[in-house]
Amino acid sequence: MDNPRSKNAKESIDAFYDSMIDRALACEIEGSEIIIDPKGERYPIKLDSCDTHEKLVGWIVHLSRKRWITVLLIEMFILTAYDHHDLEAHPKLHPPGT
């Protein structure tokens, strides 16, 4: 016999992870912008304003000050910009020996 409390906890955990995945996937390119859209509130970032490592770091600092931002969203933003602009991770970001 299933414990109802256990089932509710599992449903709560599943809902939490689903919401985290939705938030992480809420970053995409539309036209000339990367759109971060965690809660249906679109936050556009012009593609040409994040086409170098230096510009990207500026955006990361700016975004990190937003109350709604998450680490997953920042990671998705970075990966989206890296992929679109064919940027490579800075050599200093690689662990020693790689």
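Q: Let's start with Cys50: is it buried or exposed?
A: Cys50 is buried, because its relative accessible area is 0%, and the cut-off for buried is under 20%. Keep in mind that this is a predicted model.

Q: Okay, zooming out. What's the overall layout?
A: There are three helices and three strands. Along the sequence they come in the order α-β-β-β-α-α.

Q: How much of the protein is buried?
A: Of its 98 residues, 23% are buried. The accessible surface is about 7,300 Å², and carbon and sulfur atoms account for 56% of that.

Q: What share of the contacts joins residues at least 24 apart?
A: That share is 42%, counting contacts between residues at least 6 apart in sequence.

Q: Now the inside. Which residues touch the most other members of the largest nonpolar core?
A: Those are Ile36, Ile45, Cys50, Leu63 and Phe77, in a core of 18 residues. So the Cys50 you began with is one of them. Two or more core residues come from each of β2 (33-36), β3 (43-46), α2 (53-64) and α3 (71-85).

Q: Which element gives the largest share?
A: That would be α3, with five residues.

Q: Trp59 and Leu63 make me curious about α2. Which of its residues are buried?
A: The buried residues of α2 are Leu56, Trp59 and Leu63. They sit on the same side of the helix, because they cover an arc of only 60° around its axis.

Q: Why would residues spaced like that point the same way?
A: An α-helix has 3.6 residues a turn, so residues three or four places apart point the same way.

Q: Nice. What covers that side of α2?
A: The cover over the buried residues of α2 includes β2, β3 and α3.

Q: What about the length of α2, what span should it have?
A: With 12 residues at 1.5 Å a residue, α2 should span 16 Å. The C-alpha atoms at its ends are 16 Å apart, so the two values agree.

Q: Switching to α3: is Glu75 in there buried, exposed or partly exposed?
A: Glu75, which lies in helix α3, is partly exposed, because its relative accessibility is 40%. Glu75 is 15 residues from Ile60 in sequence, and their C-alpha atoms are 9.3 Å apart.

Q: Last one. What is the phi of Asp86?
A: Phi of Asp86 is near 50°, a positive value in a residue other than glycine. Asp86 is found in the segment after α3. With a relative accessibility of 66%, Asp86 counts as exposed.

Notes. Residues numbered from 1 in each chain as written. Predicted model: local features only at pLDDT ≥ 70, side-chain atom pairs only at ≥ 80, totals over all residues. Heavy atoms only, no water. Core = buried A, V, L, I, M, F, W, Y, C linked by side-chain atoms within 4.5 Å. Buried < 20%, exposed > 50% of the residue type's maximum accessible area, 1.4 Å probe, protein only. Helix = DSSP H or I, 4+ residues; strand = E, 2+ residues; numbered from the N terminus. Expected span 1.5 Å × (residues − 1). Arc of directions from axis to C-beta. Contact = heavy atoms within 4.5 Å. Areas by Shrake-Rupley, 256 points an atom, 1.4 Å probe, with all protein chains shown as cover.
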